[in-house]
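Hi everyone, thanks for coming. Today I'd like to walk you through one structure, so please take a look at it with me.

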Amino acid sequence: MFRIPTVTKNLLIINVLAFLAMKLLLPVTGIDLNSLFGLHFFMASNFQVYQLVTYMFMHGGWEHIILNMFMLWMFGAVVEQVWGGKKFLFYYIFCGVGAGVMQEIAQFFWVYFMLDGQQALSLGDSITVMHQLSTQLNGLTTVGASGGIYALLLAFGMMFPDEKMFIIPIPIPIKAKWMVLGSIAIEFFSALSMPGSNVAHLAHLGGMIFGFFLIRYWRKHPGQSYRPGNTQFFSNLKAKWDARSQHHSHTERSGNPDWDYNANKRANQEEVDRILDKIRKSGYDSLTREEKQKLFDQSKK
């Protein structure tokens with residue numbers, strides 16, 4: 001955990017530098033970086049498409065960034081070590097953008113129902129009013145890495161569902177899969193009960209939703225990405241081959257050798273071991289397409 005992989009380390013550095021720049025520039029120059037790079041409501045006058053990415057690197061306060069960076073370090077380091085830097089970064093940005101899209105949708109309906117409750121407007125009339133109030137709607141701004149980080153939490157739970165973790169203030173360890181399900185339930189009910197909250201609960205859920213479908217896609221296309229079969233996929237796969245090797249070795253000693261068969265099995269085991277060692281040293285993305293397919297084929301046997 002203390003050996004932070006490259007992409008996670010750079011994400012931590014960028015977030016901290018962006019936060020410090022925001023804190024320093026605002027009182028000195030009056031420039032609010034959160035207003036420039038935070039995600040504005042898409043009907044607001046200050047909305048820009050690039051904000052769907054940049055909002056992930058901005059934060060509102062010390063507590064906000066400390067909690068997010070702690071979770072990024074804790075889950076991001078593990079996920080990146082398993083997937084490799086490129087796949088990890090794509091997942092993080094993709095889910096962060098997805099979280100931003102979900103937040104935009106949630107804000108649209110929140111504004112719509114607010115206007116409808118006051119004036120009983122149709123959808124078309126509400127959109128017209130939103131255009132007229134575009135300057136006032138600039139106050140609906142979202143900042144924070146939480147959408148991508150909740151997606152990392154989901155990825156960790158899907159890869160290591162039975163890994164036990166301590167969560168303050170719960171005094172007993174909880175399996176990762178229950179932690180993920182609990183987080184989903186909390187964010188869902190919080191979104192329903194506090195639709196106008198300063199916490200972007202639907203963005204958190206959006207990051208997890210986009211992450212879930214992306215991981216499902218990758219699992220169905222193993223030649224394109226990592227496909228975890230269980231809690232310790234690679235270790236269990238190697239253990240399975242070691243057990244088979246011992247079994248066939250015993251068969252040879254008992255007087256029933258099948259030299260060609262066992263030689264082929266040994267060669268396959270050596271190839272799988274070589275691939276697993278390559279993953280541990282260079283990450284999953286270093287594998288060729290043929291190596292990924294072979295690993296996937298062997299995991300199903």
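**The cores and a helix**

Let's start inside: the largest nonpolar core has 48 residues, and Leu-72, Phe-75, Trp-83, Tyr-91 and Leu-152 touch the most other members. By such a core I mean a set of buried Ala, Val, Leu, Ile, Met, Phe, Trp, Tyr and Cys residues joined through side-chain atoms within 4.5 Å. Buried is under 20% relative accessible area, exposed is over 50%, and partly exposed is in between, with a 1.4 Å probe and protein chains only.

Two or more residues of this core come from each of α1 (6-29), α4 (62-83), α5 (85-119), α7 (146-159), α8 (176-193) and α9 (201-220). The biggest giver is α7, with 10 residues. These helices are DSSP runs of H or I, at least four residues, while strands are runs of E, at least two, numbered from the N terminus.

A word on the model: it is predicted, so local features need pLDDT of at least 70 and side-chain atom pairs count only at pLDDT 80 or more, while totals for chains, interfaces and linings use all residues. Residues are numbered from 1 along each chain as its sequence is written, and side-chain values use heavy atoms, leaving out hydrogens and water.

Leaving aside residues up to four places away in sequence, what does Leu-152 touch? Its partners are Leu-72, Phe-75, Gly-76, Val-79, Phe-88, Tyr-91 and Tyr-92, where contact means heavy atoms within 4.5 Å.

Another core, of 12 residues, lies apart from the largest one, and includes Phe-41 and Phe-108.

Finally, His-40 sits in strand β1 (residues 39-40) and is buried, at 1% relative accessible area.
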